[in-house]
Amino acid sequence: MPLAAATPALNGTFDKLEPWRSGNQKESKLTLFKIVKDNNNPCLEISGDPAIRSNAWLTIGTGVQGVEPGKVYRVSFRYKPQITPDLKKKLFVRLEQADKSGKIIARNQQQVFFDKTDWTDVEFAIKSAKDAAWTYLYIQSDNLAATDKVRYDDIKIEETEAADRGMVINGSFEKGIFPWMSYQQAGGWKQLHKLSSDTPFGKKCLEITGDETNKSNRLIILTQDLKGLEIGTKYRLSLQFRSSVKEEKGPAKNAYIRVQQLGPKGEWILGNEVRFPLNSDLWTYRELTFIPDKRTATFAIYLGTGNFKETDKFYVDEITVTKAESPGKPFDPAKAAKHGKLTQIKNERGTAEITADNVLAKLTIDGKTVIPAAERSSVIFIHNNETEEILDGKGTPSKLYPFKADAEYVWEKGEFKEVITFTALKDAAGPFKIGVRHGLTPDKWHTQIFGLSPVRFIPADKSTVFTWGIDPNDLNLTQLDLYQGVIMPLQVMEGEDSYFSIASHSYDDSITFQPNTPKGYQAVMERNPLRVKKGEKFRIEVNFNYFDRSKFVLRDVWRDQVLRVYSNNPKLKKFLPVKDPGPRVTVPGPLGSVTGLFKYRVDRLYPHSAIWEGWHDEVHEDYPTSGSWWNGSNEFRYKYTAEGFRKHVETLQANNLHIIAYIRTFCNLDLAGKTFPAEWVRKTPGGGTQLYGGGYRKMLPKQVKADTGIGEVPWGMLDSFKEGCLDFMVKRFFKMIDFYKPWGIGWDCAGFDPADFLAVATVTDEIKKRGYDTKVVGNECSGPITAYIDWTIIENGFFGGKTPYDFEVTRALQLPIVTLERWQLAEEFINYHLFNKRTWCRPFGKTWSASYVDYMLKKDPSLRNNLKKLAHSLHLTWFYKDHSLGSSSFAPEEAEPLLKSFIKFTSEINAIIRMDKAFAIRFTNGRESDGPLTACAWADSKTNKFRLAGFNEAHETKTFKITLDKDAFGKMGWSVEDMKKHKAILADPDTEKEIEMKKSVVNGNLVLECELPAYGFLMIFADK
């Protein structure tokens, strides 16, 4: 039956009470639900009766026919309250859906607010559950007094065009708030999303406020589904906003808009978001560019706010999502150039050719043309209102916009450097997009690799976007995956025979990369000012370098870029450019997980283990040296004490176990302005709290709340650039180091931006100045920061989205690497893969792990009845793959049972120099990996040990044949004859056996060969 025919049976006009029914009516001596007339129109009137038990939850409802599964409906009604305010009183209109068995499977409700006393129109949207067989509509009243009254009329349920729509619906809010929905309105008694006429864009805009009585006030979201997006197409989300929000002590306030991309099982794929500054009362334009990921199944827009008060007002208007078509033309390398007379700039590496307009026309490095001489091979551009103007590089003013551009070109330290400086000629409101782009020959490159962690790599013909740096006056276009961060402004083009790097070496400049915008232009770098002042300058630095793949591997390219990063900031200048500290080692034992002061955790550690010890005060985010505090490493079972923890450290270290005292730059936002200045909290470009995108809270158990009065900790991060903040951090860290004397300190959540770099570099430098032998360990660190740490962790390995690229670039400055593969994540993946349970496993990890699990189940179907063993097998196989890429294992004690040879191997390699010289080991294809085969070696003369790990991830046996370069290993103190005298162990998760490698000498180099079975792991041991 169609809904239009069913609606009259709903009797939403209340000409009579039927078919509405209530089970509460007969309890009361009063008539709680009755039909009355208001201006001669019949309506439903509801009152309360505190004398009855069910007054806390009075409902009247009716069944609804014709609601079809999977469709979107508008629920609308009018109400008129006459209620004395009380936080216990609440009103709701609720739609519930049940399946065929009568089980409730969906519930959507709208809170009715009584801060108005006249008739008010309300509407909200629901998406009918796909398995819905029955639909019920309820009107609910909680805790009304007998004198309270609320009237309802014109209740309707109608199918809406939102069931099949494209892009954003009603982003201008001219038609009300529908189809935007909020699931957090319930819990307070103030309406948080309203319409306002305070806008220059049409007649209406959205006004958002807060309600401290609402339990969800820290995270309020207004949302709607987003449809009609094409995978791989670039889109632009844009809006206007104005803020009248007072910054004050207490939980940090924030506002943002996010395009949420979800997978087929509801898993998070990407969250592309803009954070809004809260300190400007001017209407301001913001936008972000995003590309739907191929893994995405559904999209939604979230308009989020947090911790607003009732007096705070935040206004939003003109929300749109459109295709982000570039106004420029695609690059065609076949189109002949019309550059005229060219000026050549030469050095021993190559030649740059410059036009009479002072624009780069052609670039040749090492005899290879990387920027071809074609029409518009380089373009200096300005975009505004979807139009483009092309500028010269000699300062000629724009005809349309208040800018001029000056270009400089120079060969510097073996690279070709281009600097474009835009100058604003008058004050003007943007937004403007100003930048430079260069055309590359498309078929020369197959992959783009970017300076992000985890490393982003995409096909060479695809688009992406990311911004380095923080500039509140910039659009800061970005597309970051979960937990992803930009570690340096770098793009590397990878081809079959070469790498081509494109970088801005300045740590100071904010810069956006938009490769293939428009198509065919790779070195696309831009600034995006929202407004400009006369005389203001915007600098774009582009450095080009070329690497022959017969001489260099990716870690060489990465190292080259890391060592070139510089800063003119006085606080950073003393630490940049970094100096390559050379090969580093740690202890001859594995990195173990936190003890939590539990004896069983200490007893399971392997000899000489270093211990990543979480111990600090998690309530106050402090590093105490007196008193007692709570920490989650012991599941909050009991409090740590300073003297007790110091004795624990002393005891363990006396027994050759090495404590790494956990530290980070987190802060408890509720303590801002109390234990530290509020301005020390690090902010995103949009003004929101910085921490994985903000909004994270540590929930504390009841015993902690009872003891401290704090039940949750809102997390932020300290900004080391703020005056006094760095001194504060350094003093408390060294007070801790001097008191506990740990073997090392372990930085967590540091490594993505200059504020992290400054904190780590300063502390490491101070350790050296004081003559301490304290090691510095960093979690998820690559890039320039690795020059200031001794050991780095790759967290969550392949499961957490890492790929061989992440292992490769982390090896750039030759420090030990350890990878944390959590055993429980292997169990989680098994449940995801076999039973469709939720997982946050990242794409590479899903594909790789699924291939292994399918192989094992085909090989041994009985494993379906022993999923613990299957998960354990997967866990260990992750370990084996990690080792073949140059890492050791974090927390191997949690992976027991383990093979004895593997424990010996993963422990010892931390104290041996890893062989990172390019092509020191090579397969028959001349490279360090060959399809499913990977390998890594460790050797030095100090320990007199040589180790080699090899791995085959194919589903069949492969010939493992590898050449060890005599010169490279000779410099490490190992001759061919020495390496011949080895023991080779072939392992899988359950067994190990000694095998004989075929040995031969070719051109003086040692060649080792064996048959490596599917997922077989090879360990080679040699000692002198």
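This is a predicted model: local features need pLDDT of at least 70, side-chain atom pairs count only at pLDDT 80 or more; totals for chains, interfaces and linings use all residues.
Trainee: Where should I begin with helix α2, and how many of its residues are buried?

Mentor: Burial is judged from relative accessible area, and a residue counts as buried when that value is under 20%. In helix α2, which spans residues 554-562, nine of the nine residues are buried, so the helix is largely enclosed by the rest of the structure. The residues concerned are L554, R555, D556, V557, W558, R559, D560, Q561 and V562.

Trainee: Which elements cover the buried residues of α2?

Mentor: The covering elements include the strands β26 (415-424), β29 (447-453), β32 (485-494), β33 (498-503) and β37 (537-548), together with the helix α9 (804-810).

Trainee: Is D148, which lies in a loop, buried or exposed?

Mentor: D148 has its place in the loop between β8 (134-142) and β9 (149-159), and with a relative accessible area of 1% it is buried, because the cut-off is 20%. Once its neighbours within four places in sequence are left aside, D148 is in contact with I46, S47, G48, Q82, I83, T84 and K89. The C-alpha atoms of D148 and P85 are separated by 9.7 Å, although these residues are 63 apart along the chain.

Trainee: How many aromatic pairs does a search of the whole structure find, and how are Y409 and F416 arranged?

Mentor: The search finds 66 aromatic pairs. For Y409 and F416, the ring centres are 6.2 Å apart and the planes meet at 10°, so this pair is stacked, planes under 30 degrees apart being counted that way. Both Y409 and F416 are buried. The pair of W615 and Y623 is tilted, with 5.9 Å centre to centre and 55° between the planes, and both W615 and Y623 are buried. Ring pairs also link W615 and Y623 with W629, Y640, F645, F733, F739, Y740 and W747 into a cluster.

Trainee: Which rings have the charged ends of R646 and R770 over them?

Mentor: The charged end of R646 sits over the ring of F739, 4.0 Å from its centre, while that of R770 sits over the ring of F734, 4.0 Å from the centre of that ring.

Trainee: What makes up the largest nonpolar core?

Mentor: A nonpolar core is read as a set of buried nonpolar residues joined through their side chains. The largest has 135 residues, and those with the most contacts inside it are F403, F422, F544, W615, W747 and F757. Helix α7 (residues 725-740) gives the most to this core, with 10 residues. Apart from it lies another core, of 42 residues, among them Y606, M856, L863 and A1014.

Notes. Residues are numbered from 1 along each chain as its sequence is written. Side-chain values use heavy atoms; hydrogens and water are left out. Buried means under 20% relative accessible area, exposed over 50%, partly exposed in between (1.4 Å probe, protein chains only). Helices (H or I, at least four residues) and strands (E, at least two) are DSSP runs, numbered from the N terminus. Contact means heavy atoms within 4.5 Å. Rings of Phe, Tyr and Trp (its six-membered ring) pair if their centres lie within 6.5 Å; planes under 30 degrees apart count as stacked, over 60 as edge-to-face and the rest as tilted. A charge sits over a ring if NZ of Lys or CZ of Arg is within 6 Å of the ring centre and within 35 degrees of the ring normal. A nonpolar core is a set of buried Ala, Val, Leu, Ile, Met, Phe, Trp, Tyr and Cys residues joined through side-chain atoms within 4.5 Å.
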